[in-house]
Amino acid sequence: MRIDSFDLENWLNPACDSEKNKYYLGGSCVLPMTVEELFELTGEDMDAFLKDLAKMNLGYPRFEGTPQTRQAIADMYRGIQAEDVILCHGGTGANSTVCYGLLDPEDNIVSIMPNYQQFFSIPRSIGTEVRDVWLKPEAGYVLDMEELRSRVDQNTKAIMFTNPNNPTGALLRLDEMQEIIEIAKAADAWVICDEMYRGLDEEYMPSFVDLYEKAIVTASSSKIYSMAGTRVGWIICRDAQTRKTLFNWRSYDSICGGVFDEWIFGLALKHREKIFARSRGIVEANKKVIDRWIEKNPYLHQYADSYSTTYLVHYDLDVPAQKFADDLLDRKGVLVCHGDCFYMPHTFRITLSHAHELETGLALIDEYMQELIEEGVPILSK
Ligand SMILES: Cc1ncc(COP(=O)(O)O)c(C=O)c1O
């Protein structure tokens, strides 16, 4: 089986580790915590935890995962039981389990683009036909329902997308979610939604799995929980037979999760409101700074409000997206995630959540763009 290069992960991760990277503005996880910070934030007893840790059995944990962690995850949805939760190795583990578990070469899927690459490159590698529906900047990244409807047929196994969207952060309204479900239902198709960034809002953010029995959603500890190193991902699926199929796939991939990872993430989830408040505070503060910056720079544009941890920024200079980001890193030490990772020309994804010396990094981007203009790089008309 052949599979495409995973553009975002293969470009961003090495760039992130590079010594050139002085100002990391390309990530999507809210500023990660140390174990100590987690205990300070939650008020849990660190000494008691360390004593428990010393006695921890390092054998295989339970096949289905730590019961308290599954229950705490189920509690973040409406009408979901612990048994509906499949724990996986990160969100990537959850997404690949769903793709391999569910899709066949004779199916088609509709991929709402931009999308996380697992949701179109894995299906393609299986031989599944992938039909794209693009969210467009000029429409404020709002989904065109008629276009979606026209791409779905009786052979459509699933509609697959991210919500909130990665990289734009655009969020589907409840009536839009219901319309997607109605379109899927008419073809008896699954709705498969990567909800890695769900939950930042103070208001309860509905999940597709609350609304449709043939929805499968994935999420993980990485983004709004600031605990990507714990590699706890999950799938929610209400259908028992499908869950059995997905557990079978997960057995081929990883048998079960990590005993320490599930345990400490379970402990964090007991205090999830405190973690969300921290994440919200960080994102809101950074968003204000980035909004002001975009407003002041006439060559930068942003077309959707973000309900996640990133913006997709459009720039008016005639430089390909990867070159723009590579040169920015070389010249100024600022790392943003280039838009070619999402097939979005003349864009980059910028973090709202993981900024080290954010204002200095933004000033360096301005300086870099000014240099490009002075060097004669053409300005694109909007
Ligand atoms: C939309 C989306 N899905 C999945 C992942 C992978 O998440 P994890 O770190 O939990 O494997 C990412 C990470 O960048 C992401 O942005």
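Here is a short tour of this structure, topic by topic.

The model is predicted, so to speak of a local feature requires a pLDDT of at least 70 and side-chain atom pairs count only at pLDDT 80 or more, while totals for chains, interfaces and linings use all residues. Residue numbers start from 1 along each chain, in the order in which its sequence is written.

**The chain as a whole**

- The chain contains 14 helices and 13 strands; both are DSSP runs numbered from the N terminus, with helices being H or I over at least four residues and strands being E over at least two.
- The radius of gyration of the chain is 21 Å, which agrees with the value near 21 Å for a compact globule of 382 residues. This radius is taken over C-alpha atoms, and the globule rule is 2.2 Å times the number of residues to the power 0.38.
- Along its principal axes, the C-alpha trace spans about 60 × 55 × 40 Å.
- Of the 382 residues in the chain, 45% are buried. A residue is buried if 20 or more other C-beta atoms lie within 10 Å of its own, exposed if 12 or fewer do, and partly exposed in between, with C-beta atoms placed from the backbone.
- Among contacts in the chain with a separation of 6 or more, 73% are between residues 24 or more positions apart. Two residues are in contact if their C-beta atoms, placed from the backbone, lie within 7 Å.

**Around the ligand**

- There are 14 residues around the ligand, and Gly-90, Gly-91, Thr-92, Ser-220 and Ser-222 come nearest. A residue is near a molecule or strand if its C-beta atom, placed from the backbone, lies within 6 Å of it.
- Which helix gives the largest share of this shell? That is helix α5 (residues 90-102), with four residues.
- By class, the shell has three nonpolar, ten polar and one charged residue. Here Ala, Val, Leu, Ile, Met, Phe, Trp, Tyr, Cys and Pro count as nonpolar, Asp, Glu, Lys and Arg as charged, and the others, Gly among them, as polar.

**How α5 meets α6**

- Two packed helices are described by the angle between their axes and the distance between the axes.
- The axes of α5 and helix α6 (residues 118-126) come within 10 Å and cross at roughly 35 degrees. Axes are lines fitted to C-alpha atoms, for helices over the stretch in contact, and angles run from 0 to 180 degrees between N-to-C directions.
- On the α5 side, Thr-92, Asn-95, Ser-96, Cys-99 and Tyr-100 meet Gln-118, Phe-119, Ile-122 and Pro-123 of α6. This contact has five nonpolar, four polar and no charged residues.

- Met-113 and Pro-114 are joined by a cis peptide bond with omega about 0 degrees, and Pro-114 sits in the loop between β3 (108-113) and α6.
- Another cis peptide bond, with omega about 15 degrees, links Asn-166 to Pro-167. Pro-167 belongs to the loop between β5 (156-162) and α8 (174-186).
- Tyr-141 is not a glycine, yet its phi is positive, about 60 degrees. Look for Tyr-141 in the loop between β4 (129-134) and α7 (145-151); it counts as buried because it has 20 C-beta neighbours inside 10 Å.
- Ser-226, also a residue other than glycine, has a positive phi near 60 degrees. Ser-226 is in the loop between β7 (215-220) and β8 (232-237), and its 24 C-beta neighbours inside 10 Å are why it counts as buried.

- Is Lys-323 buried or exposed? Lys-323, in helix α13 (residues 321-332), counts as exposed, because it has 11 C-beta neighbours inside 10 Å.
- His-314 is part of strand β10 (residues 310-315) and counts as buried, with 20 C-beta neighbours inside 10 Å. Leaving out residues up to four places away in sequence, His-314 touches Pro-137, His-301, His-346 and Thr-347.
- Glu-371, in helix α14 (residues 358-374), is partly exposed, with 13 other C-beta atoms within 10 Å. Its C-alpha atom is 19 Å from that of Val-313, which is 58 residues away along the chain.
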